[in-house]
Amino acid sequence: MTINTQSSDRKSGRTGATAAIASAALAVGGIAIGAAIARRRAASTDDAPERSRKNLPGGNALVGRTVTIGRSREKLHGFWEKIENLPEVMENVERIERNAETDIWHIRAPGGTTVQVETRITENVPGERIAWESVEGSSIDTRGEVTFRDAPGDRGTRVTLVMSYDPPAGALGRTVAKLFRREPEVQARHDLKRFKMLMETGEIATSAHRRDRTRAAQQETE
Amino acid sequence: MKALTWHGTHDVRVDTVDDPEIINPRDAIIKVTSTAICGSDLHLYDGVIPAVRPGDILGHEFMGEVMETGKDSTLTKGQRVVVPFTISCGGCFHCKMQQYSCCDNSNPAEKQDMSATLYGHPMSALFGYSHLTGGYSGGQAEYVRVPFSDVGPIVVPDHLDDDRVLFLSDILPTGWMGAENADIQPDDTVAVWGCGPVGLFAIQSALVMGASKVIAIDHYPNRLALARQLGAEVIDFRGTDVREALMEMSGGIGVDAVIDAVGMEAHGFAPDNVIDIAKQKIGMGADRAAALKQAILAVRPGGRVSIPGVYGGMTDKFPLGAMMEKALQVRGGQTHVQRYTKDLLEKIEDGTLDTTFLISHRLPLEDAARGYKCFREEQDSWTKVVLKPGMELGQTK
C-alpha cells in the first residue's frame, strides 16, 4: 500500500526511471505475486530475490524492499498487525478504516482528492507474516505481504515488503496511473525507513524546525 | 531569531528567521552561546557541495544553554552543552557499534535518495550541511533544534569556558579520529597535509598518541608557525619538494602514516590539480585531491593513509596503483563524534590538549558574513573564527 501521491521528489524533478517501471507495470498488470515469482524464478540462475533482476520479463508489477530493524519479530509484527497504525509511517495514506471483514485505505491522490482501496487480510502468522489482497470491486487490484525473519546474531529482524498492483481502466485508472507514476518503489523504501525509525528511535526524523513545516503537517493542510 | 543563511556561492547573510521549536520527543532547543565557522563551511560557501538551498541556516560547530526539552530528552533546562555536528540516534546498528556518523535513522527518509545515489548508501544527518545530510538547520543562529538530545550533546562543567570546549563539537574529535585512523605507533614519523584547525588538532593528537615525529605541510606562514608551536616540523610546499623532503626526513624509508586534513579544495599547482580546479569551476564536480594524491605517493609501503579532509564527489587521476602495490591501509569518514567527546573533555580538563591556541577572531553573529569572507580570503591570519550571538558589534575579544 505504498501508492505515492505526494512525491518527495516533485521539487527535484526526478521521475524518470521508476516512472518508466511503473508504466511498464501498468501495461502488463494483473500479476499475482506468486505467479510472477514462480515465472521469474524459472528464468533465474542466481540466488538474488526476483525483484532485483535486471530486464524483468513482462515488466515489473512487483515492488519489494527489505530493511533490517533492531527489534524483535513479535514487536514489529504487532505494530503492522494493527493496520490503522500504518498511516503513521506511510505518508500518502491518510487513514485506514477497519471494518469487520475488510479495511478501507484512504490514499491521498493528486488535486486534494483521495482514492479508496478495500483490502482483506489473507494470512496473519504472528511474528512471521501478514498478507492482504484487495476485494473484488476495489478501485485498485493489489496484493501485498510483509514478512519478518530473524537477522543474524543480535541484528534484529529482516522485514520484507512485497506488493503487486493493477489499476483499472478508464478515468479512475488514469488517476491511479498518475499515482503510480510517482515512484511506488521510492515510496515503499521511504515508508519502510520511516517504520524502522519509529521502531528503533520512537520517532520519525524530520529536519523541519517548526511543527507546521514537517511533511506530515504540510500534507494535512494540502 | 537571527541566523546565518546561505543564498548562493559566496553569498551568506544574517537574516531574521522563525525560532525553532520542539517537534519530536527526544528534541531539545539550545540557545547558542558560541558557534564557529568550519573549513568545511567554506565548501558550502564556495558552492562545491551540492543540495544547499537558499535560506538554509549553516553551522555545525556550536554549544549553548538548554532552553526547552521534549518529553524523552535527558537534558534539563539551563544545562550548558556542546553539540556534536553528527546527528545520531544512538540505537541503530551503526550507532550501537559507535559508528555514529553512519547513523541509519537521523537523515529523514525522503532526503536519503540523493546521497544513496551518490555513495551507494544514504548518509546520516549533519547540522547545517546541505540536504544530502538531511537539511537540518545549523548552529550559526541564536537557537537550534537538536534532535536525539539524549545521545549527542555533552554537558560541560561551568569552570571550562566556551573557547576551551566548543571544538568538541567537530574539529577536535575530527583531528583526533584523523590521528587514530592513522594507527600511530611510538616510533612513527607522521606527515599531516593542511595546518587548518583539523590539521592542527591532528598534529596535537598524533603527538599525544606517541608519534616520534610529526611533519606538517602547508604554505601559510602563520599556520606553519602554529604547527611548529605544537611540536611539529614543517614543510612549506611552495618552496620545497615535499616528497623528496619527506623521504629525507624519514631516513629514506618514507613516512609511516599520512593524514590528509585538506580535503576537496586543495591548493597547489601540479598539472592534475589545475585540471581538477577547472573541472570544479565548470561544474563537472571533480574533487581537487592534490594533497591526497601526494600523500599516497609519500607514504611508505605498508603504511597508513587517514582522510579526515572532506570529499564529496569523484576525483580523476587517482594513484590507485600505488595504493594497491604499496599495500596501503586507507581510512576516512565523517567523525564519530559521540565516541570521543567524553574522553576528549577529560583531556581538555587535565591540560593534555590545548584547544584555544588557534582562535584568531571572535565576532558577533551579526558579523558572520564578514567572518566567512575573511576566513576564506585571508587564510594565513584568520585561522579560526568563533561567532558569539549577543556579543556587541565592534567588539573583537
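How many residues of chain A are in contact with residues of chain B? In this predicted model, 26 residues of chain A are in contact with 32 residues of chain B, where contact means heavy atoms within 4.5 Å.

Let me state the conventions. Residues are numbered from 1 along each chain as its sequence is written, and chains are lettered from A and ligands numbered from 1 in the order in which they are written. Local features need pLDDT of at least 70, and side-chain atom pairs count only at pLDDT 80 or more, while totals for chains, interfaces and linings use all residues; side-chain values use heavy atoms, with hydrogens and water left out.

I begin with chain A. Chain A has six helices and seven strands; helices (H or I, at least four residues) and strands (E, at least two) are DSSP runs, numbered from the N terminus. Their order from the N terminus is α-α-β-α-β-β-β-β-β-β-α-α-α. Of its 222 residues, 50% count as buried. Buried means under 20% relative accessible area, exposed means over 50%, and partly exposed lies in between (1.4 Å probe, protein chains only).

I turn to the interface. The area buried between chain A and chain B is about 2600 Å², and carbon and sulfur atoms give 46% of it. Buried area is the accessible area (1.4 Å probe) that two parts lose on being put together, summed over both. Glu203(A), Ser207(A) and His209(A) supply 26% of the area that chain A buries against chain B, more than any other three residues.

Charged pairs also span this interface. Side chains of opposite charge can pair when their charged atoms come close. The rule finds six salt bridges between chain A and chain B, a salt bridge being a side-chain nitrogen of Lys or Arg within 4 Å of a carboxyl oxygen of Asp or Glu. In one salt bridge, the side chain of Arg210(A) meets that of Glu21(B) at 3.9 Å, N to O. A network of salt bridges links Glu91(A), Asp191(A), Arg194(A) and Glu110(B). Over all chains, the whole structure holds 35 salt bridges.

Next come salt bridges in chain B. Asp343(B) pairs with Lys347(B), with the closest N and O atoms 3.2 Å apart. Both residues lie in helix H12 (residues 337-349) of chain B, four residues apart, about one turn of the helix. Another salt bridge joins Arg13(B) to Asp11(B), the closest N and O atoms being 2.8 Å apart. Arg13(B) counts as partly exposed, at 40% relative accessibility, and Asp11(B) is partly exposed at 25%.

Lys388(B) belongs to strand E17 (residues 385-388) of chain B. At 17% relative accessibility, Lys388(B) counts as buried. Leaving aside neighbours within four places in sequence, its contacts include Asp162(B), Asp163(B) and Arg362(B).

Finally, I consider a pair of helices. Helix H8 (residues 242-249) of chain B packs against helix H10 (residues 290-298) of chain B at an angle of about 35°, with their axes 10 Å apart. Axes are lines fitted to C-alpha atoms, for helices over the stretch in contact, and angles run from 0 to 180 degrees between N-to-C directions. Val242(B), Arg243(B) and Leu246(B) in H8(B) meet Gln294(B), Leu297(B) and Ala298(B) in H10(B).
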